[in-house]
There are 2 protein chains.
Amino acid sequence: MATLGLTKPQRVVLFTEDDPLRLAGGRTLGPVEVAFETYGELSPERDNVVFVCHALTGDAHAAGEHPDDGRRGWWDNLIGPGKPVDTDRFFVVCPNLLGGCQGTTGPSSPNPETGHSYGRDFPILQMSDFVAVHRALLDHLGIERVMAAVGGSLGGMQVLQWAVEHPEQIEHAVVVAASARLSAQNIAFSAVAREAIMRDPDFQDGHYFESDKKPEIGLAIARMMAHITYLSDEAMTEKFGRRLQQGEEPGFRFGVDFQVESYLAHQGRSFLDRFDAMSYLYLTRVMDYYDPFADPDAVTRVAAGGTHFLVVSFDTDWRFSTSHSREIVRTLEHAGVPVSFREIRSPWGHDSFLLQPPGYHPTVQAFLDHADDCRAQRGGA
Amino acid sequence: MATLGLTKPQRVVLFTEDDPLRLAGGRTLGPVEVAFETYGELSPERDNVVFVCHALTGDAHAAGEHPDDGRRGWWDNLIGPGKPVDTDRFFVVCPNLLGGCQGTTGPSSPNPETGHSYGRDFPILQMSDFVAVHRALLDHLGIERVMAAVGGSLGGMQVLQWAVEHPEQIEHAVVVAASARLSAQNIAFSAVAREAIMRDPDFQDGHYFESDKKPEIGLAIARMMAHITYLSDEAMTEKFGRRLQQGEEPGFRFGVDFQVESYLAHQGRSFLDRFDAMSYLYLTRVMDYYDPFADPDAVTRVAAGGTHFLVVSFDTDWRFSTSHSREIVRTLEHAGVPVSFREIRSPWGHDSFLLQPPGYHPTVQAFLDHADDCRAQRGGA
């Protein structure tokens with residue numbers, strides 16, 4: 001199948017110090033710069049937009065080949081010519097999210113008041129702050145509505161929040177492996193990850209950016225732990241089992257001996273090159289507090305706005321299990337919101353949303369084809 | 001129901017420097033001192049012994065009231081007058097295990113060669129080293145065989161190993177919430193815990209005992225993470241849900257806000273007072289490598305020895321799920337070993353083995369009553 005070629009990373013300043021972003025928590029933030037990529041062509045009617053929201057550690061490079069290092073986008077199997085998010089028909093927009101560390105303003109960005117990185121002075125964010133920035137980016141691109149917003153995990157939560165606040169702007173919402181309300185266990189894993197970062201002596205109360213030390217041990221521990229929760233027990237058994245890294249005989253030693261240990265150590269190490277510990281703190285905390293349906297009017301607003309939903313879960317995902325998706329579906333259905341729901345059989349746990357277990361991509365494709373049909377009918381009417 | 005009163009902590013040197021313990025890995029260890037407690041009276045025939053093996057962070061104080069601080073034993077609900085492990089009928093022995101830090105020789109004990117704590121010079125242990133010390137303790141007490149050996153989690157693994165090596169010494173084996181072969185996910189959690197400890201700057205390559213710093217951050221992180229795996233998702237939801245520590249309104253801040261965060265922080269902190277990081281490393285590593293049935297003769301030996309088994313699992317235990325117990329049961333049954341198996345419904349996850357979900361204690365009681373009957377019949381013959 002054809003894939004996208006070289007992509008063109010872009011940046012835009014959407015809010016300035018004089019005209020800052022007003023955050024849900026009451027503070028303001030400016031400047032706000034956003035890194036994003038686009039794929040495909042915007043239709044003359046500007047009605048073929050698919051907005052892609054990334055997960056906790058994703059970035060704007062969702063598809064195609066990065067011009068710097070050639071790496072393919074994190075959702076390259078879903079987005080491209082002839083793929084479910086079909087760049088021959090759709091104009092795809094994917095930004096790095098607010099608070100991140102891959103081009104969009106976050107805790108590592110310079111604080112105009114001090115000239116140094118914000119560090120812990122960066123304001124606490126909420127899910128609707130992500131949406132505000134996404135909307136500003138659309139505005140900048142001259143787009144009023146999106147045919148579809150698509151996201152997995154934290155990306156799905158952004159899509160849900162967007163539909164809760166501005167359903168009139170989202171014709172179709174694809175919410176994959178997400179949650180509208182983290183469980184105590186979900187919060188617990190993130191809490192321990194944050195403890196590992198914040199108690200690292202090199203954390204320096206969040207002001208490590210100007211020093212030559214970073215809380216690398218804490219961030220690696222956080223990442224290793226998170227990786228366990230992204231894979232199912234079955235997937236780990238299939239992928240690693242009890243196989244040893246070298247030879248047949250167990251080494252009876254500390255340090256890496258089993259293959260699964262080597263995998264985790266690698267995941268922890270390589271994460272340090274591409275992710276910032278403060279962004280990890282800020283973004284995980286947004287997820288903990290997220291609870292859109294605590295406001296009983298929220299779902300009524302969605303129902304009035306007319307967004308159609310596709311909610312997808314994976315049967316071995318124990319990070320955001322099917323019960324999380326079912327809760328979203330039940331709440332929406334109860335208010336009369338049109339929802340398609342599909343639990344996909346997949347051995348790969350939470351990571352499944354990035355992979356291609358049978359039935360997953362065809363489900364997304366069918367939903368987006370339907371969205372495209374609606375658009376065509378509207379165009380022809 | 002009656003409970004045991006004050007208990008009497010005891011210690012005995014079972015191996016000396018001149019007559020050391022020969023470890024499975026080839027090294028020797030001496031002296032080996034063992035802390036233990038006993039409850040009830042040894043019968044004149046010395047045939048009423050129940051040997052209790054503790055889990056990863058347990059100790060010799062399994063039941064009754066500790067004379068120092070009054071705290072009740074960790075299995076006080078199971079062991080006592082009229083309880084399933086009935087101290088009116090049985091003589092109960094519970095030692096702290098080798099490599100531990102609660103009275104029995106471990107990495108924090110003085111190395112006779114240096115006069116300082118062993119630290120990382122302590123030899124790597126294997127499951128059968130625990131059994132060797134248990135057997136030496138029995139020998140010291142003048143006991144040849146035990147009516148039953150009982151253990152949960154790592155305790156159950158010791159019981160299993162004992163039956164694998166010396167089934168003639170164990171008439172009945174009670175193996176609760178255990179595993180004969182850790183999964184990749186099990187190993188992964190322990191690997192990250194060990195990383196947190198070993199990468200703590202205060203770890204000092206395992207020789208922190210003579211300094212005024214200990215890897216407390218690493219050990220607390222390890223404990224917090226482990227605690228998540230001891231509880232089921234459901235149990236955490238019931239126990240904490242998304243409730244906040246104070247008030248109704250979320251604080252939108254880092255640090256402890258949700259009750260589950262407060263619980264984990266407390267678990268991490270209080271663990272530091274009673275457990276040593278090096279013991280944590282050594283004991284978890286024993287579990288990783290444990291794989292008794294990799295030796296195809298092992299189960300044949302059990303079958304020849306005549307040990308009767310009770311294997312118990314809990315349906316929401318995801319640390320050592322029912323599938324781990326089923327593997328033990330299948331392997332034993334296949335070789336013709338008599339096995340009773342019961343999966344208990346319990347919301348509490350792995351922690352269930354320390355609690356009293358319906359059906360659990362009666363199952364253990366019935367098995368031990370049967371063991372007692374066998375004893376009586378033998379006595380009457």
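**Annotated sites and helix packing**

UniProt lists Arg223(A) and Asp351(A) under "binding site" in an unreviewed entry; such positions follow the numbering used here, feature names are shortened, and annotations may be inferred rather than shown by experiment. Arg223(A) sits in helix α4 (residues 216–230) of chain A.

This is a predicted model, in which local features need pLDDT of at least 70 and side-chain atom pairs count only at pLDDT 80 or more, while totals for chains, interfaces and linings use all residues. Residues are numbered from 1 along each chain as its sequence is written, chains are lettered from A and ligands numbered from 1 in the order in which they are written, and side-chain values use heavy atoms, with hydrogens and water left out.

Then there is the "active site", which UniProt (unreviewed entry) places at Ser153(A), Asp317(A) and His350(A). These span 198 residues in sequence, but no two of their C-alpha atoms are more than 10.8 Å apart, so they too gather at one spot. Ser153(A) lies in the loop between β9 (146–152) and α2 (154–165) of chain A; helices (H or I, at least four residues) and strands (E, at least two) are DSSP runs, numbered from the N terminus.

On to helix packing. Helix α3 (residues 184–198) of chain A and helix α4 (residues 216–230) of chain B cross at roughly 170 degrees, their axes coming within 10 Å. Axes are lines fitted to C-alpha atoms, for helices over the stretch in contact, and angles run from 0 to 180 degrees between N-to-C directions. That makes α3(A) roughly antiparallel to α4(B), a label for angles over 145 degrees. Contact (heavy atoms within 4.5 Å) involves residues including Phe189(A) and Val192(A) of α3(A), and Met224(B) and Ile228(B) of α4(B).

Within chain B, helix α3 (residues 184–198) packs against helix α7 (residues 277–289) at about 155 degrees, with axes 10 Å apart. This pair is therefore roughly antiparallel as well.

Key: Angles under 35 degrees count as roughly parallel, over 145 as roughly antiparallel, 65 to 115 as roughly perpendicular and the rest as oblique.
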